Amino acid sequence: MREDASVERRRFPGRGSEDELMRALYRDHAGPLMAYVLRLVAGDRYLAEDVVQETLLRAWRNASQLDPTGRGLRPWLVTVARRVVIDAHRGRLARPAEDRGADLEQVPATDELDRALRLMTISDALADLTPAHRQVLVETYFKGRDTNETARVLGVPPGTVRSRIYYALRSLRIALEERGVTS
């Protein structure tokens, strides 16, 4: 029975099947190649293992062009490994660093953080106002009532509500400026 042409192409002269080829490559070259690659990748064992695997895979793919008995196989493997390391390094530079999603879930979004800081500053400044001024601002700006509705709720004339709003806003502006908030 005749084997597939791709299997024939992947055999070293004098060697058996594809499995035997990979075993021989791994047995003869993986150890020294791993030691070399570990130096290239500053001791990152996982990256080194990936590089050695990719290098041996490329050797397997190009088996028909390689001479296992000659002295050129190990230098070829070292050159391929070096190029794989360079390509991996360039790939990391070209892509932004990956962030773990779990860490990001704990950090509030910028908008939420800014909003929380604004609300804290406004609440602190509102606490400095007189109760009448604070009450009129809460009714009009935070509860959304108009002047007449606020007057009915507070039991004061609408003109008094308008006056209190004016002076409350003026006092609030001063209180915010004292806290470093400028308009």
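Let's start at threonine 140, which lies in helix 7, residues 131–142. Helices here are DSSP runs of H or I with at least four residues, strands are E runs of at least two, and both are numbered from the N terminus. Is threonine 140 buried or exposed? It is buried, at 12% relative accessible area. Buried means under 20%, exposed means over 50%, and partly exposed is in between, using a 1.4 Å probe and protein chains only. Leaving aside neighbours within four places in sequence, threonine 140 is in contact with Arg145, Thr150 and Ile165. Contact means heavy atoms within 4.5 Å.

A word on the source. This is a predicted model, where local features need pLDDT of at least 70, side-chain atom pairs count only at pLDDT 80 or more, and totals for chains, interfaces and linings use all residues. Residues are numbered from 1 along each chain as its sequence is written, and side-chain values use heavy atoms, with hydrogens and water left out.

Now the whole protein. It has 9 helices and 0 strands. Of its 183 residues, 28% count as buried. Take contacts between residues at least 6 apart in sequence: 54% of them join residues at least 24 apart. The protein exposes about 13000 Å², and carbon and sulfur atoms supply 51% of that. Such areas come from the Shrake-Rupley method with a 1.4 Å probe; for residues, only the protein chains shown count as cover.

Next, helix 3, residues 45–61. It has 17 residues and reaches 24 Å from its first C-alpha to its last, close to the 24 Å expected at 1.5 Å a residue. The expected span is 1.5 Å times one less than the number of residues. Which residues of helix 3 are buried? They are Leu47, Ala48, Val51, Val52, Thr55, Leu56, Ala59 and Trp60. At the N-terminal end, aspartate 44 is the cap: a side-chain oxygen lies 3.3 Å from the backbone nitrogen of tyrosine 46.

A salt bridge is a side-chain nitrogen of Lys or Arg within 4 Å of a carboxyl oxygen of Asp or Glu. By this rule the count comes to 7. Arginine 45 and glutamate 49 make one, at 3.7 Å, N to O. These two are separated by about one helical turn, because they sit 4 residues apart in helix 3. Glutamate 54 and arginine 58 make another, with the closest N and O atoms 2.8 Å apart. They too lie in helix 3, 4 residues apart, about one turn. Arginine 58 is partly exposed, at 28%.

Arginine 179 forms a salt bridge with aspartate 128, the closest N and O atoms being 2.5 Å apart. Arginine 179 is in the segment after helix 9, aspartate 128 is in the loop between helix 6 and helix 7, and they are 51 residues apart. Asp124, Asp128 and Arg179 are linked in a network of salt bridges.

On to histidine 29, in helix 2, residues 18–40. Histidine 29 counts as buried, at 9% relative accessibility. What does its side chain make with the side chain of arginine 74? A polar contact, at 3.0 Å. That term means a pair of N or O atoms within 3.5 Å; within protein, one must be able to donate a hydrogen and the other to accept it, and residues adjacent in sequence count only if both atoms are side-chain atoms.

That's the tour. Thank you.
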